[in-house]
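Below is what I looked up, in the order I got to it.

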Amino acid sequence: MRSTAIAAAPLALCLGLAAPAVARDELPGRFAGGNIVVGLEYALTDTERATATKAKVFAETGLTGMKNLGETVAWGAMQTGPNAPIVFDKVDWFVREYQRNGFTDLTLPLKPHSTWGSKDAKLLVTRNSSPKARYMGHFERWVGAMVERYDADGTDDMPGLRWPVRVIEIGTEFSSYQPEPVEDYLEMLEIAYRAAHRASPDVRVAHSAFLTTPVDLDVARPADYEAVWRRTKRHDRHHGLADIRAVLDRPDLFDVVNLHNLGSPYEIEHQVRWLEWELGRRGYEKPIIVSDTLPTSYVGWGPATTCEGAILGILAPPATEADRCRLAAFFRRLVDRDPATLAWTRGFVAADHVQRTVIAAEQGIERINLSFVADLPFLTGRLARAGAGISAWGGATRQNPRTGRIHERYPLFHAIRQMMGHLAGYGSIERLPMEDPRARVYRVSHPEGDVWIAWRDPRAVLLPGDGRPELEVEIDVGAGAALIEPVITELGRSEASHRRVPSPGGRLRVGLTHTPVYVRGGE
């Protein structure tokens, strides 16, 4: 049936007819169903060949989502002047190759920056990316054309499009990346929202993602939110709480609330609690997505390899000033490429991303894009002084961006593949109450039997010299024995290890560390 539908499509187009819709279940792909969509970022599209090669490799992870780099989906990059055509080549490569390899839920970050169309956007510095008045129509047509090309409605679709691209972002982050005054941003968002929904009623428009890190939203009462925003040292002050609230005041301009989770995995819980309070005050609800993440980095926005001087990186929870010199010693070893420190960091990132995904799923987040497909190359060198913290080493692979050749798969790659195998087709995820709050134990319901995912929250900075402190808990697995499978964190290991342990009376006692374990009951 599939071959008949595909063969009929060119004939239908020649006759001026809409191509027959192809049933979803006839196309090979991984669908999240009602579960969280998990993706990676940023899928570079340097060349068509490299895009195809990398899409095939990342299909091994079992992910349903993927997000491409915003610069390739920028207005000015796709349309070089007001009379120039919109060039879709790099976006087409991304959508076609990842869909061809089974990715059903892609995210498109529409970056409005244009040296000719924006109010003040130069090659290296942008102060206002919103469209000039005389080019508002051009911007509106660009957004509409993007949605129309990838909405899979049979009209003006990209050739070979398999599934609709449902989620688009208008701007990549509500920070220095979108520095214009909030009034200008809202005017631009309104134009984009109207154009997107005119092209497709099913598109999900996300506002530019809110940046809350390093603000610690773990407050005792809602009245403390304003105080914690005021007293937190932030490098990027383009948009604070007042501007975020101005966006939340306009729920008619977006379909999903968009967050960036650039702190610890536990930041997600505090972000959701804050947002639920903000939305509740306004009397509406909307789904929440996390379109961009980092592994727990401890330090950012400045040098991390020193603890002395006037210019220092900004600490993010759980890091405190008491940790700064210890962190500086760690980051000096990291930028010096000490093998043991690098190996520990790769494992830390893998464990961190599993925790992040599980917490997001339990909190009801609709989709999350993990970081990154590869390391941030310039930020891992000595000159950068670990200015992005651990995140610079957050890559899943070592690759050649021009050819797409994957030289090495890091523990993060294998940990994601392992995690997606356990999450595929789950029914629900709930955190189980434990006597010690440091114990994180989640039950994942499955038709074929529940899975437990558990780890120890250090509630503090964790570094290589700290060892592997354990916390013992008891889990009711309902069977006389259980299989315990740690998350893959070792360099060079691609397959998970297992151990079978007795659980007398169905009660399993297991020691938890920062590395999560999967537990299945079974004789």
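**Entry 1: a threonine in a loop.** I began with Thr212, which sits in the loop between β8 (210–211) and α7 (225–231). The helix and strand names come from DSSP runs numbered from the N terminus: H or I over at least four residues for helices, E over at least two for strands.

Before going on, I noted that this is a predicted model, where local features need pLDDT of at least 70, side-chain atom pairs count only at pLDDT 80 or more, and totals for chains, interfaces and linings use all residues. Residues are numbered from 1 along each chain as its sequence is written, and side-chain values use heavy atoms, with hydrogens and water left out.

Is Thr212 buried or exposed? Its relative accessible area is 0%, so I put it down as buried. For the cut-offs, buried is under 20% relative accessible area, exposed is over 50%, and partly exposed is in between, using a 1.4 Å probe and protein chains only.

**Entry 2: who Thr212 meets.** Leaving out residues up to four places away in sequence, I found Thr212 touching Leu217, Trp229, Glu267, Gln271 and Trp274. Contact here means heavy atoms within 4.5 Å. With Gln271, the Thr212 side chain also makes a side-chain polar contact of 2.9 Å. That term covers a pair of N or O atoms within 3.5 Å; within protein, one must be able to donate a hydrogen and the other to accept it, and residues adjacent in sequence count only if both atoms are side-chain atoms.

**Entry 3: helix α9.** Next I checked the length of α9, residues 267–282. Its 16 residues should span 22 Å at 1.5 Å a residue, and the end C-alpha atoms are 23 Å apart, so the two agree. The expected span is 1.5 Å times one less than the number of residues. Buried residues in α9 include Glu267, Gln271 and Trp274, and Thr212 touches each of these three. After the helix comes Gly283, with a positive phi near 80 degrees.

**Entry 4: positive phi without glycine.** Arg337 has a phi near 60 degrees, though it is not a glycine. I located it in the loop between α10 and α11 (339–362). With a relative accessible area of 55%, Arg337 is exposed. Arg459 is another non-glycine with positive phi, about 55 degrees, in the loop between β18 (451–456) and β19 (471–476).

**Entry 5: cis peptide bonds.** Pro317 and Pro318 are joined by a cis bond with omega about 10 degrees; Pro318 is in the loop between β12 (314–315) and α10 (324–335). The bond from Ser371 to Phe372 is cis too, with omega near -10 degrees. I found Phe372 in the loop between β13 (367–371) and β14 (397–399).
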